[in-house]
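Subject: Structure handover

Hello,

Here is the structure you asked about. Please open it alongside this note, and then read on for what turned up.

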Amino acid sequence: MGYNLFNIKEVSNAFNTKLSAFRASLGNAISRGQNITFADNDISYILKLQHDRISRKGLELNYDIYSRDAERDKFIAGSNWRDAHYESTVCFSSCGVKRNVKQGGKTMYKDDRKSVLYETITDAIAGAHPGNESISCPNCGAITTIEGLHNGCSYCGARFQMDELFPKVTAYYFLDDAGMTKKEFLKGYLITFIITLIVMLIVCFIFGKGIGYYIGFGIGSIFMAYPIYAYFLFMRLIVGAIASIGKMGTAGSRSRFESRMKRISPEFSYEYFTSKTLSLIKTAVFSENENELMFYEGPKLDPRMKDIIDMNYGGALGCKNFYEEGNTVAVETKGYFDVLYATEDKVFFKKQVFSATLKRRTDIPVNFNFSMTKIECPSCGASFDAIKNKNCPYCGTGYNMITDDWVLSELKYI
């Protein structure tokens, strides 16, 4: 995934403002536990879990998202999907990410990665009137309805317009950027030229040639540096392609699975499923006790996962297979991640592959705005936060997440 140079479409100013504000506040949300701007509750909860993990390990993680090219700061619109009430669009922009992990003032790990930030932004469709749907009050966090927030939150009294509630960012991830900005290309070429020039002058000095040869070799270095640099860039692409070979080979299962799900919800897309899967995996990994989570039904996670302090999507989520039994479908996926681990004595980076199996009912349409932070009790109709409550706090009825959304039935290393 990356920039489509043949179909570039910048997002609206309203979208770009919110996407940019989210990007600007993301680093502080991870590093310092500050509020994340224009994010849905699920993202906010994951970031809180991640920050708590970092703090419990006695670490400081400075997470700096910076601009690599002012001309490419604006977000570009990519794939999208919609249901009766909402439309989601994947948008992306160029950036750099610097991470610096310290413990007791000592740097344990640092890196600087050229990246593309992908954000999924979800907006209410004009005229769709999703007023009765549950939503968390941005001011106090209480569960209410969209219409209720227009009239005033019954808990804190805050009132909101629709454009203050939507659009909102519902997913995000970084991918390494193989491309280069003009500034980065010129910088790389200059470094190559200087090295080439130095080598040429050393050769000329060794063989004791005159000043004319020095001038000739100096001018020649300008022309020789370009093919040398081009060869370096080509080899980098080859190495990247070889490293990506293992991520291929799941297209057949993916298309069959997507076709099956479209019979339930014609608007279903694999991009939506990928976003949902990444969210569930990260929540389970950063949770201190995954068995207390409403959506997790599997065994205890591998203890090594409790050492993860940062994880980014590696650009591929393959559908290995899927199985149907009655009105339930189970999907076995293979996900690639770039993971930062922190053990007792070191912090290190590793490319990691996970196997995640998810289940869902096939007799209920997909609700693209569903959130585990705002559940409606099937018995009494009250809204509550299923992250903190497995039973309705009003009538005591137990809630089964698979009724409304995907659940994670297994997560393990490959």
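Of the contacts in the protein chain with a separation of 6 or more, what percentage comes from residues 24 or more positions apart? The figure is 66%. Please keep in mind that this is a predicted model.

**Overview**

The protein chain has eight helices and 13 strands. Of its 414 residues, 48% are buried. Its accessible surface is about 20,400 Å². Carbon and sulfur atoms contribute 56% of that surface.

Start with the open sheet built from four strands, in the order 8-9-10-13. The pairing is antiparallel. Strand 8 (308-325) and strand 13 (407-413) are the edges, and each pairs on one side only. From one strand to the next, the twist averages 20°.

Strand 8 and strand 9 are joined by 13 bridges and run antiparallel.

Next comes the pairing of strand 9 (residues 328-342) with strand 10 (residues 347-361). Here 15 bridges join the two, again antiparallel. These strands also form a hairpin, with four residues between them. Alanine 342 stands opposite valine 347 in strand 10. Tyrosine 336 stands opposite valine 353 in strand 10. Strand 9 is mostly covered, with twelve of its 15 residues buried.

**Helix 8 on the sheet**

What lies across strand 8, strand 9, strand 10 and strand 13? That is helix 8 (residues 270-286), which runs at about 120° to strand 8. Helix 8 is mostly covered too: 16 of its 17 residues are buried.

Its length checks out. At 1.5 Å a residue, 17 residues should span 24 Å, and the end C-alpha atoms of helix 8 are 24 Å apart, so the two agree.

Is alanine 316 buried or exposed? The relative accessible area of alanine 316 is 11%, under the 20% cut-off, so alanine 316 counts as buried. In sequence, alanine 316 and threonine 274 are 42 residues apart. In space, their C-alpha atoms are 9.0 Å apart.

**Two nonpolar cores**

The largest nonpolar core has 55 residues. Phe257, Phe273, Ile308, Met311, Phe354, Trp406 and Leu411 touch the most other members. Helix 8 gives this core its largest share, nine residues. A second, separate core has 31 residues, including Ile54, Leu117, Leu340 and Ala342.

Phenylalanine 273 is worth a click. Leaving aside residues up to four places away in sequence, phenylalanine 273 touches Phe257, Phe268, Leu317, Val331, Thr333, Leu358 and Trp406.

**Strand 1**

Now move to strand 1 (residues 60-66), where the side chains alternate. Leu61, Tyr63 and Ile65 point to one face and are buried.

Which strand does strand 1 join through seven bridges? The partner is strand 3 (residues 86-103), and the two run antiparallel. Within strand 3, valine 97 is the bridge partner of isoleucine 65.

**One backbone angle to check**

Last, look at phenylalanine 38. Phenylalanine 38 is in the loop between helix 1 (13-32) and helix 2 (41-56). Its phi is near 60°, a positive value in a residue other than glycine. Most residues other than glycine have a negative phi.

Best wishes

Terms used:
Residues numbered from 1 in each chain as written. Predicted model: local features only at pLDDT ≥ 70, side-chain atom pairs only at ≥ 80, totals over all residues. Heavy atoms only, no water. Pairing = 2+ DSSP bridges. Axes fitted to C-alpha atoms, helices over the stretch in contact; angles between N-to-C directions. Contact = heavy atoms within 4.5 Å. Buried < 20%, exposed > 50% of the residue type's maximum accessible area, 1.4 Å probe, protein only. Areas by Shrake-Rupley, 256 points an atom, 1.4 Å probe, with all protein chains shown as cover. Core = buried A, V, L, I, M, F, W, Y, C linked by side-chain atoms within 4.5 Å. Expected span 1.5 Å × (residues − 1).
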